[in-house]
Amino acid sequence: MAQVEATTERIVAADAETVFDALADYSGTRAKLLPEQFSEYEVREGGDGEGTLVHWKLQATSKRVRDCLLEVGEPTDGELVEKDRNSSMVTTWRVTPAGEGKSRVVVTTTWTGAGGIGGFFEKTFAPKGLGRIYDAMLTKLAAEVEK
């Protein structure tokens with residue numbers, strides 16, 4: 001079984017604090033950022049960054065649906081880490097300044113992939129599919145904070 005990683009990034013025309021606050025707002029803004037692949041979104045504890053417990057289903061492909069229950073941490077400034085209680089999946093959001101009134105948002109998801117031929121296809125294609133999903137999220141994030 002191999003580690004699988006998907007990373008996407010975008011420059012957003014808003015300061016880092018505004019962008020981070022939008023991402024950390026699980027009880028408000030975050031739900032607006034989710035593309036169609038997410039369903040059954042529910043904040044179960046907290047709702048703002050560290051200490052939040054959030055649930056959703058992620059349909060990465062027509063046949064693959066992950067039931068995610070994520071604990072949110074903030075290990076360092078500008079960083080949100082979502083650890084799935086139901087799998088090895090961990091998603092890290094990093095927001096850093098990128099010049100006057102701009103931010104760089106980098107989202108990285110890692111998980112332990114399957115073995116064998118299935119694992120080969122997962123490692124080859126899953127990062128691209130997840131990248132498209134996060135690209136859509138980052139587009140919605142930019143539209144939300146660049147108002």
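Thr 92 has Thr 108 in strand 7 as its bridge partner. Strands here are DSSP runs of E with at least two residues, numbered from the N terminus. This is a predicted model, in which local features need pLDDT of at least 70, side-chain atom pairs count only at pLDDT 80 or more, and totals for chains, interfaces and linings use all residues. Residues are numbered from 1 along each chain as its sequence is written, and side-chain values use heavy atoms, with hydrogens and water left out.

Two strands pair if DSSP finds at least two bridges between them. Here are two pairings to trace on your screen:

| Strand pair | Bridges | Direction | Hairpin |
|---|---|---|---|
| strand 5 (residues 79-84) and strand 6 (residues 90-97) | 5 bridges | antiparallel | 5 residues between the strands |
| strand 6 and strand 7 | 8 bridges | antiparallel | 5 residues between the strands |

Gly 99, in the hairpin of strand 6 and strand 7, takes a positive phi near 100°.

Now for Thr 110, which lies in strand 7 (residues 103-112). Thr 110 counts as buried because its relative accessibility is 17%; buried means under 20% relative accessible area, with a 1.4 Å probe and protein chains only. Beyond its neighbours within four places in sequence, Thr 110 is in contact with residues including Gln 3, Glu 5, Met 89 and Val 90. Contact means heavy atoms within 4.5 Å.

Finally, take a look at Glu 40, a member of strand 2 (residues 38-45). Glu 40 is not a glycine, yet has a positive phi of about 55°. Most residues other than glycine have a negative phi.

Methods:
Helix = DSSP H or I, 4+ residues; strand = E, 2+ residues; numbered from the N terminus. Buried < 20%, exposed > 50% of the residue type's maximum accessible area, 1.4 Å probe, protein only.
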